[in-house]
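Student: I am new to this structure and would like a close look at a single part of it. Please take me through that part step by step.

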Amino acid sequence: MALIDSIIVFVVNLLIGALGIYVGARIISGVDDYGYAIVTALIGAIVWAVVAFFFGWIPFLGAVLTLLAYVWVLNYRYPGGWVKAIAIALVAWIASLIVLYILAILNI
């Protein structure tokens with residue numbers, strides 16, 4: 001059961017993260033493709049995990065490098081440069097928080 005639970009948590013987190021990226025990309029860059037956002041979220045999660053594995057143990061610098069790697073993925077995948085990638089990440093974070101809050105209210 002633990003494996004199934006882990007898979008469900010991963011898929012739900014991936015879809016919520018992708019929704020956040022979709023909202024951010026739609027607002028900031030005008031890109032309207034949820035499938036593209038899912039792939040971006042998956043790539044972002046992998047890059048985040050790899051960078052965190054190698055550098056996450058370094059106080060402050062590890063967190064900054066991990067976040068920078070995630071924003072790099074957004075910058076690479078969406079048009080507009082670093083400023084727009086940071087804005088997409090910020091909007092994605094806010095949108096994800098809202099979705100998670102709603103799910104918590106609904107006891108899901």
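**A salt bridge and a helix pair**

Tutor: This is a predicted model. D32 has a relative accessible area of 48%, so D32 is partly exposed. The partner of D32 in a salt bridge is R26, and their closest N and O atoms are 3.3 Å apart. Side chains of opposite charge can pair when their charged atoms come close. The count of salt bridges in the model is one.

Next comes helix α2, which spans residues 34-55 and includes T40. T40 has a relative accessibility of 0%, so T40 counts as buried. The side chain of T40 makes a polar contact of 2.9 Å with the side chain of R77. Beyond its neighbours within four places in sequence, T40 is in contact with I21, V73, L74, R77 and Y78.

The residue R77 belongs to helix α3, residues 61-77. Two packed helices are described by the angle between their axes and the distance between the axes. For α2 and α3, the angle is about 155° and the axes are 9 Å apart. The two helices are therefore roughly antiparallel. The crossing of α2 past α3 is right-handed. On the α2 side, the residues that meet α3 include Y36, V39, T40, I43 and W48. On the α3 side, those that meet α2 include L65, Y70, V73, L74 and R77.

How values were computed:
Residues are numbered from 1 along each chain as its sequence is written. This is a predicted model: local features need pLDDT of at least 70, side-chain atom pairs count only at pLDDT 80 or more; totals for chains, interfaces and linings use all residues. Side-chain values use heavy atoms; hydrogens and water are left out. Helices (H or I, at least four residues) and strands (E, at least two) are DSSP runs, numbered from the N terminus. Buried means under 20% relative accessible area, exposed over 50%, partly exposed in between (1.4 Å probe, protein chains only). A polar contact is a pair of N or O atoms within 3.5 Å; within protein, one must be able to donate a hydrogen and the other to accept it, and residues adjacent in sequence count only if both atoms are side-chain atoms. Contact means heavy atoms within 4.5 Å. A salt bridge is a side-chain nitrogen of Lys or Arg within 4 Å of a carboxyl oxygen of Asp or Glu. Axes are lines fitted to C-alpha atoms, for helices over the stretch in contact, and angles run from 0 to 180 degrees between N-to-C directions. Angles under 35 degrees count as roughly parallel, over 145 as roughly antiparallel, 65 to 115 as roughly perpendicular and the rest as oblique. A crossing is left-handed if the near helix is turned anticlockwise from the far one by less than a right angle, and right-handed if clockwise.
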